[in-house]
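Subject: Handover of a structure, with notes

Dear colleague,

I am passing this structure on to you, and I would be grateful if you could look through it alongside the notes that come after it.

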Amino acid sequence: MEKTNLDQPTVLVLSADAEFARAVLARWQTERNVPAFALVSSRVWNGSATAAFDLAIVGPVEDAAHPALPALETTGKPVICVCVSAAAAQALRDKMPRVLALRSYEGYLDALVLLGGECLRRVEAVKRAQQAEHSAATIQRQATLGRYMVEMRHSLNNALTSVLGNSELLLMEPGAFSAPVREQIEIIRNMSLRMNEIIQRFSSLESEMKVAEERGIRPPASPKAFAVARG
Amino acid sequence: MTQEKTTDWQASEQSAVGRLARFFPGATPVRIPVSVSAGGREKAESEATVIEFGTPREALFACQLPLEFAEKVRLRNADGSFDTDAWVVALHYHNGQAAVAARFVHEPAHWVVKL
């Protein structure tokens, strides 16, 4: 699973223009929520660190043939590209529809920060949704296992009754077995009784969980936690 | 100059320098104490730091100096065997920490990370 960073997202500012990177950083610092920043010169960027950022801002771009854009677009992460002209922005929209093209007009930094902030909120929402899906899948697996155990309980109980009954029948024959053998048969019987107790506890736990569900009480994540909660 | 074991990579990945190193796939963990000073200023402040990652052309280190993107810096070790100018090519700000990647103007003598 890809490493995620829910506490503080990282914005990659990719530019060959130092002033552009400084201006973006300075404008964003005035916001209440400031992400982590990686300012990287487009001269050293080789397009490989795709997991290291949540949002990429590229600029200023003079035409749609910027060398970093194809690699950034394939990451599936939001990319905002600040274009120096309307023609460049339009060309970029036509060539790479996933890239958000923004024209470098007066006051574009406000729009950039607003758009970037929304992108980061979306990224965070997607990450939370993925985590929720992951948790739901885990719970689903556990529920399947639980259902299987419930279904198998009767079969197990039947087998156990047979073991218990036969061991008791053997113990009812005095003198048929030597003392060590009787001792072993008693162990079999006692262990069978213990297993029966465990199955009984399992049944009562299932009943209590049903009652709790009917009363609208959310059951704990694990049967052990449930057993602790009910004392 | 000593080169750290690669297992230290994961431990330092959460630091600002470690995070910045993710943008430099060829970066190797190193531990080289140096002083860094802003080269382009009249009264250059300097700071003692440690180069934590290196590539054949760049050094990555934490720095509290107010360095800026594309600024020239000077890196020098205690005995002067490593003394070079470099351009700031990447900066990472994370949880109040700043990490810098500086690309050497010329290939420095005695640099441990080779192609």
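Predicted model: local features only at pLDDT ≥ 70, side-chain atom pairs only at ≥ 80, totals over all residues.

Residues are numbered from 1 along each chain as its sequence is written, and chains are lettered from A and ligands numbered from 1 in the order in which they are written.

Chain B has two helices and seven strands, where helices (H or I, at least four residues) and strands (E, at least two) are DSSP runs numbered from the N terminus. Read from that end, the order of the elements in chain B is β-α-α-β-β-β-β-β-β. Of the 115 residues in chain B, 41% are buried, a residue being buried if 20 or more other C-beta atoms, placed from the backbone, lie within 10 Å of its own.

Between the chains, 15 residues of chain A are in contact with 16 residues of chain B, contact being defined as C-beta atoms, placed from the backbone, that lie within 7 Å. On the side of chain A that touches chain B, the elements giving two or more residues are helix H1 (18-28) and strand E2 (36-41) of chain A, and the largest share, six residues, comes from E2(A). E2(A) also pairs with strand E6 (residues 83-94) of chain B, in the antiparallel sense and over four bridges; strands pair if DSSP finds at least two bridges between them. A:Leu39 stands opposite B:Leu91 in E6(B).

The largest nonpolar core has 74 residues, and those with the most contacts inside it are A:Val58, A:Cys81, B:Leu20, B:Leu60 and B:Ala102; such a core is a set of buried Ala, Val, Leu, Ile, Met, Phe, Trp, Tyr and Cys residues joined through C-beta atoms within 7 Å. E6(B) gives the largest share of this core, seven residues.

Finally, A:Val61 lies in strand E3 (residues 55-61) of chain A, and it counts as buried because 26 other C-beta atoms are within 10 Å. Leaving aside neighbours within four places in sequence, A:Val61 is in contact with A:His66, A:Cys81, A:Val82, A:Cys83, A:Val84 and A:Ala88. The C-alpha atoms of A:Val61 and A:Gln184, which are 123 residues apart along the chain, are separated by 84 Å.

With best wishes

Definitions and conventions: Contact = placed C-beta atoms within 7 Å. Buried ≥ 20, exposed ≤ 12 C-beta atoms within 10 Å, placed from the backbone.
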